[in-house]
Each structure stands twice: as C-alpha cells, then as structure tokens.
Amino acid sequence: MLLGELARQGVDAPQPLDGDEEGFVRRQARLSQVSNLVSQMALELLGVCGVDGMLLLEAASPPSNQDFELVVDVGKLALGAVALVEAGCRPWGSPGLNGAMDEFMQAAIDEARKGRGEGGIPIGAVLVHDGEIIGRGHNRRVQMGSAIRHGETDALENAGRLPAGVYRDSVMYTTLSPCSMCTGAILLYGIGEVVVGENRTFMGEEALLAERGVSVTVLDDETCVTMMRDFIAAEPDLWNEDIGED
Ligand SMILES: [Zn+2]
C-alpha cells in the first residue's frame with residue numbers, strides 16, 4: 001500500500017462505536033502500521049533531509065493506551081512526512097518500508113552511532129516498555145571515564161528508578177550481545193526479554209540469560225556487525241579495555 005494512502009486511512013478512519021471490538025482491533029492494527037511507517041520515515045529523514053527525524057520518531061512511538069485520537073495524530077504526522085518526501089526528499093526505497101526494520105533496534109543503533117560520534121565505543125541500547133522507549137543509552141566509558149556505563153547499563157540508568165513490574169514487562173534492545181555485567185543487571189531487575197543486534201564480534205552471556213528464563217533473540221544484523229568490526233579494527237586497545245582483557 002502506498003505510504004500516503006495508509007497515512008490518509010489513519011487520519012480518516014472513523015471512530016469505532018462503544019463495544020465495537022472488531023473496529024477497535026482493526027484500528028489498533030492500522031495505528032501500529034502507520035506508526036511503524038512514520039518511524040521508518042523519520043529515520044530516513046534524519047539522515048537524508050536534515051529534518052529532525054528523532055522528534056517524528058518519538059511522536060510515532062506506538063501508544064500504550066487505547067486513545068483513538070492518536071491514530072489521527074500519527075496519521076497526520078505520516079502525512080507531513082509524506083509531504084516532505086514529495087517536496088524533494090529521497091523517494092522511499094529502503095528495505096525497512098515493509099516492516100522488516102525493527103524500530104527499537106534502529107534506536108539502539110542510533111545510540112551506538114551517537115557514542116562513536118562522541119569518540120566512544122559504538123554500543124547502544126534502549127529499554128522498551130509497552131511499546132515505548134523508556135530509556136536510551138550508549139557505552140560511555142570514554143566519554144565519562146566510567147567503568148560501568150555500557151550501552152545496557154546506561155539505558156537502565158537513564159530510565160531511572162522503576163517498579164519491579166515495569167522491568168519484568170520490559171525488553172532490552174542492545175546492538176551487541178550483553179557482557180556479564182549487563183547480563184547481571186538484566187537478571188537483577190528481572191527483565192524478561194532481550195533482543196541482541198549481533199553476537200559475531202563478541203559473545204556475551206546469552207546462555208546464562210536463557211538459562212534464567214530470559215527470552216533472547218539475536219537479529220544478526222549486518223549494520224551492528226560492521227559497526228563493531230570497524231571500531232575494533234580502528235581501536236583494538238580501547239575494545240580490549242571495555243571487555244576487561246589485556
Ligand atoms: Zn556490558
């Protein structure tokens with residue numbers, strides 16, 4: 001379906017009547033589609049058009065409630081993004097357009113890149129609860145002179161103090177297989193699910209996580225692999241320091 005058409009459907013969809021469960025489900029599915037598209041467009045816009053795509057991306061985060069007005073708002077955002085494209089931004093053609101791209105892993109990758117841009121180690125993470133990012137982080141060993149700010153621990157720290165129930169229902173997205181320290185933090189807070197960008201350049205404690213009942217998914221994402229390979233080749237000493245090796 002054309003992006004503009006989908007966005008218009010999001011805007012034009014009628015309010016379901018009370019008790020109209022089928023309408024509700026349909027509408028939620030449409031909202032999810034539209035918000036995914038806006039997220040993808042936002043990321044494209046970020047790099048291509050100089051537009052502040054992160055704002056769009058945050059605005060498009062799938063809502064955690066049942067507020068139908070959000071469908072309309074997200075649809076309007078999508079239409080705005082479509083208008084930007086039509087005004088001369090790069091035509092859509094990324095593989096992510098069909099939903100293949102995971103917006104949360106993309107957010108973790110954005111964090112990793114931000115860290116590298118600061119002269120740090122390119123590992124990023126986001127903590128997601130109820131379809132929303134509640135904490136973002138990246139490795140800040142170099143930037144902060146920190147011994148414990150890895151991508152995952154930085155995301156946890158930035159999420160702040162949370163009730164146990166929120167951790168239990170959260171998903172940690174991280175660009176790299178979690179080391180033993182981050183695995184410990186994930187286990188301590190009882191985070192139920194971890195999505196890993198790649199484990200080819202470093203295999204963390206995935207087995208321990210699985211053994212303790214945490215659901216672990218490895219995406220084997222080429223972007224994550226390349227990011228780490230390039231970094232390790234450029235700064236082997238810094239990498240060894242990060243994983244506690246000589
Ligand atoms: Zn770690």
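Start by selecting V194: it touches M172, T174, P178, I186, L209, V214 and V216, leaving out residues up to four places away in sequence (contact is C-beta atoms, placed from the backbone, within 7 Å). Keep in mind that this is a predicted model, where local features need pLDDT of at least 70, side-chain atom pairs count only at pLDDT 80 or more, and totals for chains, interfaces and linings use all residues. Residues are numbered from 1 along each chain as its sequence is written.

Next, color the largest nonpolar core, which has 31 residues. Such a core is a set of buried Ala, Val, Leu, Ile, Met, Phe, Trp, Tyr and Cys residues joined through C-beta atoms within 7 Å; buried means 20 or more other C-beta atoms within 10 Å of a residue's own, exposed means 12 or fewer, and partly exposed is in between. V194 is among the residues with the most contacts inside this core, along with F104, A108, V126, L127, M172 and Y173. The largest share, 6 residues, comes from α5.

Now show the strands (DSSP runs of E, at least two residues; helices are H or I runs of at least four, and both are numbered from the N terminus). You'll find an open sheet of 5 strands, ordered β2-β1-β3-β4-β5, with mixed pairing (strands pair if DSSP finds at least two bridges between them). At the edges sit β2 (132–138) and β5 (215–218), each pairing on one side only. Zoom in on β4 (residues 193–198): 4 bridges join it to β5, and the two run parallel. E193 has S215 as its bridge partner in β5.

Select α5 (residues 103–117) and you'll see it lying across β1, β2, β3 and β4, at about 145° to β1 (axes are lines fitted to C-alpha atoms, for helices over the stretch in contact, and angles run from 0 to 180 degrees between N-to-C directions). Helix α7 (residues 151–159) also packs on the sheet, touching β1, β2 and β3.

Which residues of α9 are buried? Pick C182, T183 and I186. On the other side of α9, S180 and L188 are exposed. The cover over the buried residues includes α7, β3, β4 and α10 (206–211).

Key: Contact = placed C-beta atoms within 7 Å.
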